[in-house]
Amino acid sequence: MNQENIQPIDSTAPHHHDQVDDHKPRGISRWLYTTNHKDIGTLYLLFSLLMLFTGGSMAMVIRAELFQPGLQFVDPHFFNQMTTVHGLVMVFGAIMPAFVGLANWMVPLMIGAPDMALPRMNNWSFWLLPCAFTILLSTLFMEGGAPAAGWTFYVPLSTTYSNDSTAFFVFAVHLMGISSIMGAMNIIVTIFNLRAPGMTWMKLPLFVWTWIITAFLLIAVMPVLAGVVTMVLTDKYFGTSFFNAAGGGDPVMFQHIFWFFGHPEVYIMILPAFGIISSIVPAFARKPLFGYESMVIATASIAFLSFIVWAHHMFTTGMPVAAELFFMYTTMLIAVPTGVKVFNWVATMWRGAMTFETPMMFAIAFIVLFTIGGFSGLMLAITPADFQYQDTYFVVAHFHYVLVTGALFGIIAGVYFWIPKWTGVMYSERLGQCHFWCSLVSVNMLFFPMHFVGLAGMPRRIPDYALQFADMNAFISIGGFLFGLSQLLFVAMVFRCIRRKGEKASAQVWEGAEGLEWQIPSPAPYHTFQIPPDIKSGH
Amino acid sequence: MGNQNISHQPLLRKLLVVSIAMFFFGFALIPLYDVFCRLTGLNGKTANTVAAPSTRIDTSRRIKVEFIANRDDSIPWNFAPEINSLELNPGAVKVVNFHVKNLSAQAMIGRAVPSVSPGAAARYFKKIECFCFTEQPLDAHGEKAMPVQFYIDPQLPAEYSTITLSYRLYKSQGQTVTR
């Protein structure tokens, strides 16, 4: 019931399209000074693609080293730097900016707004990111190398036992945090204040709903991350003892504060993907989304629960049984709203007139594989079992299923879904299908056997391992290289579209797609909805 | 342009206040956790204050108490208990000495942080007097015995038969005594 009633007044949107000059500066200054939500969305997405390959190449180093037992290519300290920086780059550089980029592009189009509410802040929040990652990645070339304490930078690894890269890391995280918080504020203000007349809350597309909830999560927890890195900095350099037992602090306190940020963070990285899938599945099933209200409520419930489960990352720190039980049960409770979502997607497809274009293929793969990641999460939530799984490759398998085949597949599905709207040309379906099948097979070769080696006891974050894991690891590495190579097909697809190679896309693009963004021409004109569209109230 | 004339400032200001508040909330978590742990007796933290004297002795059972001493890299002292373990009746008061010797040519101050395992038994471990209550200065190459006087609360639940008292010795920060 949410989207099918939306109709703009005829010819409101494309009125600038036919004019030759849309007042944008040319060349590099267009991108440096831009306040246009579409330009900034594009910048975010391209930056995140660059970071995907930066973090991805580090993953390739990791998999090359783990191809055989023993030390082949890199020394253990550099290996630790790779796992650490890979995690930081993928979380803060690839997944989060990609979602902000999609929000920049799609949220104003979906709610009928002319632009983001705070366009100059928007420009600033993007341009902080390249600065932050230049600082972070520059440590790789410094004496002593990059941070090596893991992306979770537990103390005392990041204080007593780290080199001065910690200072660069902390400052980079501050910049990323400021960027994320500003981006989140912008999205909240846009959705609150710039909805077209008649676009009531319960008519918002689900991508907008998931993003506003994500934005609130960001505002709640990114400042806590800024606080915890500040404490690490002052503990290391200014003699404070937040986490230093010698001065009355407590190292376990670090984990509590970090995971108070860290657990909502994992939902920050998945909720927008839920929104994307909720846009794609109805379009290709040619049915309205099943259970719109329950989807909204489920998303909000997941966001709320994410604040009271953080210590399930810390079961082995010696918590009292009562606390372990509390965090076990609350964690398992998250399966309920998540299950609601999965069943709603399946129910949306049920008896739909489905077609299987690339976005739909990635969306279906998302639903299946994310659910596998969710199930391994439930296994990890069982406190006594977690003592066995803790710090093994089982954990690595779990969070890569939810982050790669979850978040990343969601983003890729969204890019395939919306790129005809952005560029005005259809992507090559053959290339897209090829990318999908290569990715699907290789990603499961890469991550599925990790469950087994993890259960058999292979610890994570090590450059060498016991001989009995050799065959599995060789297989995993081959899957890793294939998955890395498969993403070149994605890049080829994106650049074909950017260079306008392909069939011209219609405004509607997809037969079953509903919503305001499909009622403006493709490519979306530089300025849209300068006069708000009229949303007809249906029923 | 209808709704585009809405001022964004009020909402933006509220969001800014929330994010700044959350920044300080991160810091506030530390005292909040301390209060929470003190109220609930979690975390194996023993009260670092003088306990009331023992009032009765439970002669029906004996509890084994083990002692562990180790030191941080920051402090070049030898640190060891005079005995590794003893057995006592709940309520009986005992004194155990921990020996320290400063191996360096510098006077310095040490601070011992206690911890009791299993954590849930910590609240039944009563210290009447302890070297961990205060900072411990030691001259260059100096040595001394540091006593801890304690008893086990007779209310200790029956499932505990062994309690481990562990100390970790740290150099008290920024307070090296000048000779």
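**View 1. Arg500(A) is exposed, with 11 other C-beta atoms within 10 Å.** Arg500(A) sits in the segment after H16 of chain A. Its phi is positive, about 60°, although the residue is not a glycine. This is a predicted model: local features need pLDDT of at least 70, side-chain atom pairs count only at pLDDT 80 or more, and totals for chains, interfaces and linings use all residues. Residues are numbered from 1 along each chain as its sequence is written, while chains are lettered from A and ligands numbered from 1 in the order in which they are written.

**View 2. Arg461(A) has a positive phi of about 60°.** Arg461(A) is not a glycine. Most residues other than glycine have a negative phi. Arg461(A) lies in the loop between helix H15 (429-455) and H16 of chain A. It counts as partly exposed, because it has 17 C-beta neighbours inside 10 Å.

**View 3. A cis peptide bond joins Ser522(A) to Pro523(A).** Omega is about -5°. Pro523(A) is placed in the segment after helix H16 (470-498) of chain A. Helices here are DSSP runs (H or I, at least four residues) and strands likewise (E, at least two), numbered from the N terminus.

**View 4. Ser117(B) and Pro118(B) are joined by a cis peptide bond.** Omega is about -5° here. Pro118(B) belongs to the loop between strand S5 (108-117) and strand S6 (125-130) of chain B.

**View 5. Helix H2 (37-65) packs on helix H4 (119-138) in chain A.** The angle is about 15°, and the axes are 10 Å apart. H2(A) is therefore roughly parallel to H4(A), a term for angles under 35 degrees. Axes are lines fitted to C-alpha atoms over the stretch in contact, and angles run from 0 to 180 degrees between N-to-C directions. Contact residues include Phe47(A) and Met51(A) of H2(A), and Phe126(A) and Phe133(A) of H4(A). Two residues are in contact if their C-beta atoms, placed from the backbone, lie within 7 Å. The contact of H2(A) with H4(A) has 9 nonpolar, 3 polar and no charged residues. Nonpolar means Ala, Val, Leu, Ile, Met, Phe, Trp, Tyr, Cys and Pro; charged means Asp, Glu, Lys and Arg; the others, Gly among them, are polar.

Terms used
A residue is buried if 20 or more other C-beta atoms lie within 10 Å of its own, exposed if 12 or fewer, and partly exposed in between; C-beta atoms are placed from the backbone. Angles under 35 degrees count as roughly parallel, over 145 as roughly antiparallel, 65 to 115 as roughly perpendicular and the rest as oblique.
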